[in-house]
Amino acid sequence: MDSHQLIVCRCEEVTLADLLETAQAYQCTARELKLRTRAGMGCCGGRTCRTFIDQIIEQTTGQVPSHTVPLGYQPPVRPISFTTLGGRSS
């Protein structure tokens with residue numbers, strides 16, 4: 001398997017090649033890379049690929065992600081009350 005066909009973001013099926021090409025073409029920040037490729041925007045909220053995206057940006061552009069505008073981790077589920085789970089009205 002070609003290393004560029006390696007899927008980095010499993011949720012959005014973004015490959016290493018997609019990330020590298022985008023980072024090189026636009027010299028973007030980690031946030032911009034996420035927005036351009038959708039890496040880290042899947043159901044896991046970037047828990048599996050965020051660190052790797054940061055590394056790609058650092059190696060490609062020399063920028064160290066500062067997270068002044070954080071990518072943020074999003075929980076994959078929403079809180080739900082026990083009443084809703086039990087099917088009873090309050």
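Helices here are DSSP runs of at least four residues, and strands are runs of at least two. With that in hand, I opened this predicted model and counted 4 helices and 2 strands in the protein chain.

**Layout.** I read the elements from the N terminus and got β-β-α-α-α-α.

**Whole chain.** I looked up burial next: 32% of the 90 residues in the protein chain are buried. The exposed surface comes to about 6300 Å², and carbon and sulfur atoms supply 51% of it. I then checked contacts between residues at least 6 apart in sequence, and 52% of them join residues at least 24 apart.

**Helix H1.** I moved on to H1, residues 16-26, and asked which of its residues are buried. I found Leu 16, Ala 17, Leu 19, Leu 20, Thr 22 and Ala 23.

**Nonpolar core.** The largest nonpolar core has 15 residues, and I wanted those that touch the most other members. They are Leu 19, Leu 33, Ala 39, Ile 53 and Ile 56. I saw that E1, H1, H2 and H3 each give two or more residues to this core, with H1 giving the most, 4 residues.

**Ile 53 up close.** I set aside the neighbours of Ile 53 within four places in sequence and looked for its remaining contacts. Ile 53 touches Ala 30, Leu 33, Ala 39 and Gly 40. Two of these names, Leu 33 and Ala 39, were already in my notes on the core.

Definitions and conventions:
Residues numbered from 1 in each chain as written. Predicted model: local features only at pLDDT ≥ 70, side-chain atom pairs only at ≥ 80, totals over all residues. Heavy atoms only, no water. Buried < 20%, exposed > 50% of the residue type's maximum accessible area, 1.4 Å probe, protein only. Contact = heavy atoms within 4.5 Å. Areas by Shrake-Rupley, 256 points an atom, 1.4 Å probe, with all protein chains shown as cover. Core = buried A, V, L, I, M, F, W, Y, C linked by side-chain atoms within 4.5 Å.
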